[in-house]
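This briefing is meant for a reader who is meeting the structure for the first time.

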Amino acid sequence: MPFHLLGLQGVAAAELRRLLHSARRSDDLTARFPGRVFANLFLEDSTRTRTSFALAARKLGADTVDLVGSASSVNKGETIVDTARVLEANAVDGIIIRARHAGAAAMVAGAVGCSVINAGDGRHEHPTQGLLDLYTIAESHGRLDTFDLSGLTVAIVGDIAASRVARSAIAGLTTLGAEVVCVGPPHMAPASLGTLGVRVTDELDDVIPAADAIMMLRIQFERYGDGTKSADPAAKPNVISSIREYRTFYGLTSERADRMKPGAVVMHPGPINRGIELDAEVADGPRSVILKQVANGQRVRMAALASALAG
Ligand code: CP
């Protein structure tokens, strides 16, 4: 049975900790897997995840073949499953896949015999982002020995309903014992999120002083309209009436960051809409661990790929 990493929902604490401890010892994995190869199948844009997986594989001693949507036969109408089978027939050890559709990684995993790692599927999950977020919070609060996050409060702020990053983070954080507060306007942070074991509020200012980590989310403008009215029923919906209003209520401004408690950190999965959900001074300021998240991404991806190869 090949190792798959399709999401963090339903993954036991012991397995999360195994991956995180392996990430912590990622130097021990260096050059352990010469001659092995992964397909990096990215059918949606990416800077961080695609680069990070490629470099993680290289550090393991493995190789990657890179396929992007605009240059693959998916662009000619080939199905994702047929594409994945072509990769498998070329004897790759695993397929790393990013796709626009929720469930795409699970569909591929059901169709091929090699490992599949979900690098983000629509609004569903982004498990390696979730793992790097867990790692970064543990590192920031001295929990690398145990990866026990109990007693910590993590606020996730913004477009949670559309966010695969939030879905993976919520699953991992609650499993490792953190308290999670979801913050946003009701259409972005609906009360139904409460079924995931989190608190939900639309009052960011109430949450700021209590949070040990504040994870700001990007408004995913590519999934929404540009604010203009359209009679076309197929037009993308508009998500906010005014960027200035959004920033006023839900932006992590310098003034808000000054009210965070000592030791609390600012996170963002990237890419950042500077000046909308996050002020540039905060993104580049002393509380920001955004680039540590990027660096930790390579560790957790080495751990995930090593699990695929060992499996
Ligand atoms: N965080 C993240 O998934 O970034 P990319 O879209 O650049 O990979």
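Alanine 31 lies in the loop between helix H1 (13-24) and strand E2 (37-42), where helices (H or I, at least four residues) and strands (E, at least two) are DSSP runs numbered from the N terminus. The model is a predicted one, in which local features need pLDDT of at least 70 and side-chain atom pairs count only at pLDDT 80 or more, while totals for chains, interfaces and linings use all residues. Residues are numbered from 1 along each chain as its sequence is written, and side-chain values use heavy atoms, with hydrogens and water left out.

**Overall build**

- The protein contains 11 helices and 10 strands.
- Its radius of gyration, taken over C-alpha atoms, is 19 Å, close to the 19 Å that the globule rule (2.2 Å times the number of residues to the power 0.38) gives for 311 residues, so the protein is as compact as a globular protein of that length.
- Along the principal axes of the protein, the C-alpha trace spans about 55 × 55 × 35 Å.
- Of the 311 residues, 54% count as buried, a term that stands for under 20% relative accessible area, with exposed meaning over 50% and partly exposed in between (1.4 Å probe, protein chains only).

**Backbone features**

- Most residues other than glycine have a negative phi, and most peptide bonds are trans.
- In alanine 31, a residue other than glycine, phi has a positive value near 60°, and this residue is exposed, with a relative accessible area of 52%.
- Phenylalanine 147 also has a positive phi, near 50°, but this residue is buried, with a relative accessible area of 0%.
- Glycine 270 and proline 271 are joined by a cis peptide bond with omega of about -10°, and proline 271 lies in the loop between strand E10 (265-267) and helix H10 (280-283).

**Aromatic rings and a charge over a ring**

- There are 3 aromatic pairs, counted where rings of Phe, Tyr and Trp (its six-membered ring) have their centres within 6.5 Å, with planes under 30 degrees apart counting as stacked, over 60 as edge-to-face and the rest as tilted.
- One of these pairs is formed by tyrosine 135 and phenylalanine 147, which are tilted at 45° between the planes and lie 5.7 Å apart, centre to centre.
- Tyrosine 135 belongs to helix H5 (residues 127-140) and phenylalanine 147 to the loop between H5 and strand E6 (153-157), so this pair ties together parts that are 12 residues apart in sequence.
- The rings of tyrosine 246 and tyrosine 250 have their centres 5.7 Å apart and their planes at 45°, so this pair is tilted.
- Both tyrosine 246 and tyrosine 250 lie in helix H8 (residues 243-250), 4 residues apart, or about one turn of the helix, and both are buried.
- One aromatic cluster is made up of Tyr246, Phe249 and Tyr250.
- Arginine 301 lies over the face of phenylalanine 53, at 5.1 Å from the ring centre, where the rule asks for NZ of Lys or CZ of Arg within 6 Å of the ring centre and within 35 degrees of the ring normal.

**Pockets**

- A pocket is found on a 1 Å grid over the protein atoms alone, as an open set of points where a 1.4 Å probe fits, with protein on both sides within 12 Å along at least five of seven lines, and its lining residues have an atom within 4 Å of a point.
- The largest pocket holds about 700 Å³ of space, a volume being the space filled by probe spheres set on grid points that are joined across faces, edges and corners.
- This largest pocket is lined by 36 residues, and the closest to its centre are Arg48, Arg98, Pro269, Gly270 and Pro271.
- H2, H5, helix H6 (164-175) and helix H11 (290-310) each supply at least two residues of that lining, and the largest share, 8 residues, comes from H11.
- The lining of the largest pocket divides into 11 nonpolar, 14 polar and 11 charged residues, where Ala, Val, Leu, Ile, Met, Phe, Trp, Tyr, Cys and Pro count as nonpolar, Asp, Glu, Lys and Arg as charged, and the others, Gly among them, as polar.
- The second largest pocket has a volume of about 270 Å³, and among its 14 lining residues Phe42, Leu43, Glu44, Gly69 and Arg100 lie nearest its centre.
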